[in-house]
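Subject: A two-chain model to look through

Dear colleague,

I am passing on a structure that I would like you to look through before we next talk. Please open it first, and then read the notes below beside it.

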Amino acid sequence: MTTLEGLAHGLTVALQPSVLIYSLFGALLGTLVGVLPGIGAMAAITLLLPITYYISSEAALVMLAAVYYGAQYGGAVASILLRLPGTPQSAVTTLDGYPMAQQGRAGVALFTAMVSSFAGSMLGIVILVALAGVLGRLATSFGAAEYAAMMVMGLVAASTIGEGRPAKSLSMVVLGVLLGCVGTDVNSGVQRFTFGQVQLLDGINLVALAMGLFGLAEVIGNIRKAERDGPPPHVSLRQLVPSRDDLRRIVAPIGRGTALGGFFGALPGTGSTISSFLGYALERRVARQPERFGQGAIEGIAGPEAANNSAAITAFVPTLTLGIPGDPIMALMLGALVIHGIQPGPMMLEAHPDMFWGLVVSFGIGNLFLLALNLPLIGIWVSMLRIPFRWLYPAIIVFVCLGVYSVRGSTFDIVMVAGIGAIGYALAVAAFSPALLLLGFVLGPLIETNLRRALLVSRGDLMTFVERPVACGFVIATVLLLALPLLKGLRRNGG
Amino acid sequence: MRRDLHDAAWGGVLALVGLAVAAWAAAYYDFGGLRRMGPGFFPVVLGLILAALGLLVAVPALGRPGMSRHFAWPETVGVVGALLVFGLLLNRAGLVPTTALTVLIASAVAPRRGIVWRLVLTIAVTALTWVLFIGGLDMPIPAWPRSF
């Protein structure tokens, strides 16, 4: 199938009324949770996971994806108007967005965020289509050794590149992998760590784990934090109109941000949050007057917003073509695909063209929809900021309970979510990343299976990871990634 | 100097968890070999790695100052309690009383005191839940206690 045929095919999938409705619903819900501080895309996608059991696989993925990129749009609103990032990706947008709002240019800042997000997404789709084909062809030559090595590299990259102490991040990944071991071992049929509990035979439920770690832990942490004083400023449609000078300033940052985000989004282990931070750093570096940053520089909004949206789209490249999620949100997407019996991988384009191309085209439609609706509706989104979190979180808790319960009618799972939520919150307070735990949980079983297979093929010879050039490349990259924090530490102590 | 007790404590806990997992797996599951890994191989190796990482987190933390972090105890208790009540009550009391009680418990830890707004919220959320899950999705849960 050529790209054009694929897109045409995707159009027939994405324009099915049911898929279209779920796409629009997801985009709106994503914007809403992005706008509201205290609940992010991760929590919203988790809450929607149970629904995906009841709808078609295309509609399910299209909806979840729309929540993800929709939240990237919405996140900017609270960042700019209240200096409260609605999503982690939009945290950098506060740096120059809030000063702009204080200077009475909130409308222009919002316009910039929306337009940059749109441009970043659309160009991200082009990168996605280009990369997916190449990577898919490349990955057909991958064996179990390559997969195992690549997934380990992804996990190590996610722990050492991100923020926080690498040892803490790695410990979360390993804990996640160990949690993934719970249940019946597929290779031997042995029940591991089930302690006689029938409910654990299939392993720990992904929905329960994600809801506890994100839905619940976020709610606990935000009950007090998301409560603030003073209403947000009023934004009228006329204020959105940028000057010619503003427009001239944002074009180049959008281009740079998109390229940067497209690259880092597609790498396993780095995602849209890192991309937006890097996008900001890049803009400040290339700026002629870097001192304007932090004082309301419009480039400081355009670059990162384009970067995180572009990354949110290209993050689907490794997820769909290799079956390897690069960030926890993609891990949930992978989980949703597996629920529907679709194992992503190099054969994805051939085996499930409906899913792949439908998703690609729905990205375009969803983003068009977001741009067309969000600018005129900006007043409504701003007024959403007036809803105090205390009116929302009790309802969220009830929906968490019913969502978990609906998966398999088990109240045991609700009690488990309560426990996981408490642990997840405690970990988050101590700056251990629950997101990495989830990533390890999803990738762990895949790594174990591939590692076993690779060593079975090589008759237990570990040299297989050195002799196969591609696998060797991943191993070298992993070692370098592990050495990186060590070197940084040495330099800090030495100088 | 205030030591980084969070990292020290958590590192210690993680190290212990790792050791326990490795020991359990070594005792009960076949380790196998590189050529044919048994079900115990992965948990044993990773348990030991986790133990090492836990120490790597804990030991340096003892020698550096840490910041005290705010732990929202009342909120944690309220939210976890609300979930436990929901889980334990749902099959016995039915959806409507369970939801109402859950919302009342959860909202008790909100920064705003007072009972009126909480009652309004309770009625609203309970009604919404009933309409969505019993009326709309027709979930097989009793709405009221069985004796009704």
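**Chain B**

In chain B, buried residues make up 38% of the 148 residues, where a residue is called buried if 20 or more other C-beta atoms lie within 10 Å of its own, exposed if 12 or fewer do, and partly exposed in between, with the C-beta atoms placed from the backbone. Please keep in mind that this is a predicted model, in which local features need pLDDT of at least 70 and side-chain atom pairs count only at pLDDT 80 or more, while totals for chains, interfaces and linings use all residues. Residues are numbered from 1 along each chain as its sequence is written, and chains are lettered from A and ligands numbered from 1 in the order in which they are written.

The secondary structure of chain B consists of five helices and zero strands, helices (H or I, at least four residues) and strands (E, at least two) being DSSP runs numbered from the N terminus. The radius of gyration of chain B, taken over C-alpha atoms, is 24 Å, well over the 15 Å that the globule rule gives for 148 residues, so chain B is more spread out than a compact globule; the rule itself is 2.2 Å times the number of residues to the power 0.38. The C-alpha atoms of chain B fill a box of roughly 60 × 50 × 25 Å along the principal axes.

An automatic or database domain assignment divides chain B into domain 1 (5–62) and domain 2 (73–136), and the centres of these two domains, taken over C-alpha atoms, are separated by 39 Å. An unreviewed UniProt entry places the feature "transmembrane region" at residues 7–29, 41–63, 75–95 and 115–137 of chain B, although such annotations may be inferred rather than shown by experiment. In the model, residues 7–29 of chain B are 96% helix and 0% strand, with end C-alpha atoms 31 Å apart, and residues 115–137 of chain B are 91% helix and 0% strand, with end C-alpha atoms that lie 31 Å apart.

**Chain A**

Chain A has 22 helices and two strands, and buried residues make up 61% of its 495 residues. A compact globule with 495 residues would have a radius of gyration near 23 Å, and chain A, at 22 Å, agrees with this.

**Where the chains meet**

Counting two residues as in contact if their C-beta atoms, placed from the backbone, lie within 7 Å, 50 residues of chain A are in contact with 51 residues of chain B. On the side of chain A that touches chain B, at least two residues each come from helix 8 (166–181), helix 9 (206–225), helix 18 (393–408), helix 19 (411–429) and helix 20 (434–457) of chain A.
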